[in-house]
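I open this notebook to record what I looked up in the structure, entry by entry. The order follows my own reading.

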Amino acid sequence: MRQLNYSKAITEALREEMRRDEKMIIMGEDMGVMGSVFGLTIGFMKEFGAHRVIDTPISENGFTSVAIGAAMRGLRPVVEIMYVDFAMACYDAIANQAAKVSYMSGGTLSVPMVIRTPAGAGRRSAGQHSQSLEAIFTHIPGLKVVAASTPYDAKGLLKSAIRDNDPVVFIEHKSLYFYDAKCDVPEEEYLIELGKADIKRAGDDVTIIAWSQEVIHALEAAAQLAEEGISAEVIDIRSLVPLDFDTIRNSIIKTRRAVVVHEAVKRGGYGGEIAAQISDELFDYLDAPVKRVAGSNVVIPYSPALEDKIIPQTGNIVATVRELLHGGKNAVFTNAV
Amino acid sequence: MVIRKYGRETLIKFYREMKRVREFEEKACELFAQGMIEYNIHTCIGQEATAVGGCQALEKNDLIICTHRGHGQCLAKGGDPGIMMAELFGRETGYCRGRGGSMHIASIDVGILGANGIVGAGIPIAVGSALATNILKTTEITLAFFGDGASNTGEFHEALNMASAWNLPVVFFCENNKYAVSVDIERVSKVKDIAERAKAYDIPGVVVDGCDVLAVYETTKKAVERAREGLGPTLIEAKTYRYHGHFEGEPQVYRTEEEMSEWKKRDAIERLYKEIIEAGFASAEELADIDKEVKEEMEEAALFAQDSPWPAEDEAMRNVYSNDNERSVAR
């Protein structure tokens, strides 16, 4: 089958949807002439025209709000916030405007738009260009939040997000743009429904729940653990809101242990939410507390010597699973059914 | 005399529309004082000419973005007072089925693209609507109402800049009522007229007497025609004054009785009333009949709201999302 990398898959999703729906527009900084700073929309302005591929001024709150107004009028804008960190400069537009329109209008208006935003660390970009802020969006009712880990998922989910009638925050890990692994991406059209998790690797002893780039680390960890005879199941939730808890539940009933992995800062991260839901509903099935492997509660440092230490790596996941199974210093096994 | 340019019918309509706004607000104040309206309201008594003059310059399919002080704007655009009042009451029959309340009336059918509780936030949304008009190749223009307070937000500047750069069919309509809650615009801006700020974006900026409904109408009409011809946005600043506090019961320690009575001497409704009578377009009796009809209309609106059902409790979780709502609110 034809293979694509992550950024090419996203480009293809955007191009196909632009060709399919004349009401779709792309807006953001450097999206037109330059084709976006990460090169995802190169050639788009030529193919679709400057009226549909719009270079905006550096006015995040302004142009995100413009997209909201356009969406309320029936267009389908896909806005790029160049770095998710910059979304903090337009949080009013996202949280107080886009997210609220459907409900506050009694369901008479909607905002069919996608906010694509590169996120994540590992590229030595320091504290204002490296964060993982997905939890902030999940906290706002009215927003859907998606974070794909593979080229196949990115394409299918983005196409669904574009066709969705609600504001969707679509988080793309920057490191995945440059991740050289390709995967099979069919040339014929396909969609992936929002809110469906994917079991990326089946296993019996422990459930590792992850999204975005941490899925890659989780799969590496699972491979290493397999050599030690530990069978880990890796669930890529893909969509944080809506969340496919059924897949998580079925897995944990089988494995009785769970580790949630995310790159975002641990404190207030979405892993805490998932862990709480597991504790609430599956307490009797658990053989151990739900563990979180997550970013340290710190500003992302510039220096490589520091950055790699505060972002969860494969080894951290392996170590946590070992503790869970063999009883490490933090593991407490008291909840056996 | 300017008034001679207008026929009796138009003048009576302007008078009636302004009376409707005032009467709606007076009624809402009364109901709020009685505890019938849950949350405090921001009334536009004193600002009737801006809402009416602005909206009369628009076609039915044109769109407006309203402010937190937006009852007059909604009513003037064609909103039904009963459905509006029901929204203030939080009832299922309101424009937003009671989910938005006083500050958030929206109705695409009436051409109200929403009102905002975040000062300034509606201005770029109006620009987005104007962008849609251009891309969809339709004809409606969008008018954004906002206050003097909003003119100091980043959204104002970002919106004017984009609308100017992209030459969009939008009218920026500033109701400068002098105060952002308690803060006099002169204390937080060195620019004498907000309309001057249009220069920064190379678009026309016009100051108009916001107590003169005909002047507001003419100024807005020009801006609307300009936008419709594809000549881009205009910034209108209408100098006006609100007679009540920022919200009902607000102590108003920031202004004097003298200032208030000076402004009330310029009352837009009284002014048009005098002009109509002096020019012989209608008698005092005819205008009194209109006053009576308007009063009855607003009484009926209040009764409609009072008699309307509350939203069903099991509806609370609906409409957070337009599709896949149940799953999206479940966790």
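**Entry 1: surroundings of A:Ile208**

I began with the contacts of A:Ile208, leaving aside its neighbours within four places in sequence. The residues in contact with A:Ile208 are A:Ala218, A:Ala221, A:Ala222, A:Ala232, A:Glu233, A:Val234, A:Val259, A:Val261 and A:Ile317. I note here that the model is predicted.

**Entry 2: the nonpolar core**

I then asked which residues touch the most other members of the largest nonpolar core. They are A:Ile208, A:Val321, B:Val127 and B:Val170, in a core of 206 residues. From chain A, this core draws at least three residues from domain 1 (3-184) and at least three from domain 2 (198-326). As general background, I recall that nonpolar side chains tend to be buried together in soluble globular proteins.

**Entry 3: chain B as a whole**

I looked up the secondary structure of chain B and found 12 helices and eight strands. Its C-alpha trace spans about 65 × 50 × 40 Å along the principal axes. I compared the radius of gyration of chain B, 20 Å, with the value near 20 Å that a compact globule of 331 residues would have, and the two agree. Of the 331 residues in chain B, 53% are buried. I also checked how far contacts reach along the sequence: among those in chain B between residues at least 6 apart, 74% join residues at least 24 apart.

**Entry 4: A:Gly106**

I located A:Gly106 in the loop between H5 and strand E5 (114-119) of chain A. Is A:Gly106 buried or exposed? A:Gly106 has 23 other C-beta atoms within 10 Å, and 20 or more count as buried, so A:Gly106 is buried. Leaving aside its neighbours within four places in sequence, A:Gly106 is in contact with B:Cys96, B:Arg97, B:Arg99, B:Gly100 and B:Asn319. Finally, I looked up A:Gly106 against A:Asp92: they are 14 residues apart in sequence and 20 Å apart in space, C-alpha to C-alpha.

Definitions and conventions
Residues numbered from 1 in each chain as written. Chains lettered and ligands numbered in written order. Predicted model: local features only at pLDDT ≥ 70, side-chain atom pairs only at ≥ 80, totals over all residues. Helix = DSSP H or I, 4+ residues; strand = E, 2+ residues; numbered from the N terminus. Rg over C-alpha atoms; globule rule 2.2 N^0.38 Å. Buried ≥ 20, exposed ≤ 12 C-beta atoms within 10 Å, placed from the backbone. Contact = placed C-beta atoms within 7 Å. Core = buried A, V, L, I, M, F, W, Y, C linked by C-beta atoms within 7 Å. Domains from an automatic or database assignment.
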